[in-house]
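Please have the model open as you read.

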Amino acid sequence: MSSRRKLPAAPKLTDQVAEALQRHIAEAGLSPGDQLPTIVDMSSTYGVSPTVVREALARLRSEGLVETRQGSGAYVSGTARPFRIAPGLTGNALVLRVLELRLGVETEAAALAARRAGRTAIRRLTDAFGAFAQRIREGEAAMAEDLRFHRCIADAAGNPLFGEFLSFLQQYLNDSIGLSHRRSQRRGRMDAVLAEHARIRDAIAAGDAEAARAAMRDHLEAGMARIRSEAGDAG
């Protein structure tokens, strides 16, 4: 019998609905400002829950294709789509590509934060690290605290585009951080993950741009190694 080959993961429902909505916009010839069906109608049309529809709309909104108006509904946006990650990518392949993208962006954000962060930004970063460390000591999931730490660095870089880009990637960051944390928890290596974050914090607090850049690069590359190891075990 031939060796088993792992089939590619099926697209998430959110991705499927987002793609269907894009086709609807194109095929119906909708223009910027035209209103989309209600969430209830879309839920019925696509046979999914309202939660899935809301997540699909949130994804399209982050890509500049849709805008939502409080109490009014969703509309086709007049904003050009700035950036998009192909929905066909799933699982570890998507996580690793996102981490490579972060590697190119967050290393420089860390260096800029070391050069530009003032006392308030350093305090926020220190508080975020403290919350992250506390969750790890308690043996609890710390994805939200990890994201907060990285967002503080993006904000401290002094360029709002870093924070906006990280907000766009957040829908994918939960997967990458979750996989990395689960791997580290099983291997009892969350202390090493915490030490990686501490090194980044210390370099930024010291105003050492090169050390901050190197610390962030080492952290993200270690995360990629954890994901690859996770995939190897799963295979």
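I153 touches A109, A110, A113, L125, I200, I204 and M216, leaving aside residues up to four places away in sequence. Contact means heavy atoms within 4.5 Å. The model is predicted: local features need pLDDT of at least 70, side-chain atom pairs count only at pLDDT 80 or more, and totals for chains, interfaces and linings use all residues. Numbering starts from 1 along each chain as its sequence is written, and side-chain values use heavy atoms, without hydrogens or water.

The largest nonpolar core has 35 residues; F149, I153, I200 and I204 touch the most other members. Such a core is a set of buried Ala, Val, Leu, Ile, Met, Phe, Trp, Tyr and Cys residues joined through side-chain atoms within 4.5 Å. Buried means under 20% relative accessible area (1.4 Å probe, protein chains only).

Helices are DSSP runs (H or I, at least four residues), numbered from the N terminus. Another core, of 15 residues, lies apart from this one and includes L21, L36, V52 and L60.

Which residues of helix 6 are buried? They are E145, D146, L147, F149, H150, C152, I153, A154 and A156. Just after helix 6, G158 takes a positive phi of about 80°.

Key
Buried means under 20% relative accessible area, exposed over 50%, partly exposed in between (1.4 Å probe, protein chains only). Helices (H or I, at least four residues) and strands (E, at least two) are DSSP runs, numbered from the N terminus.
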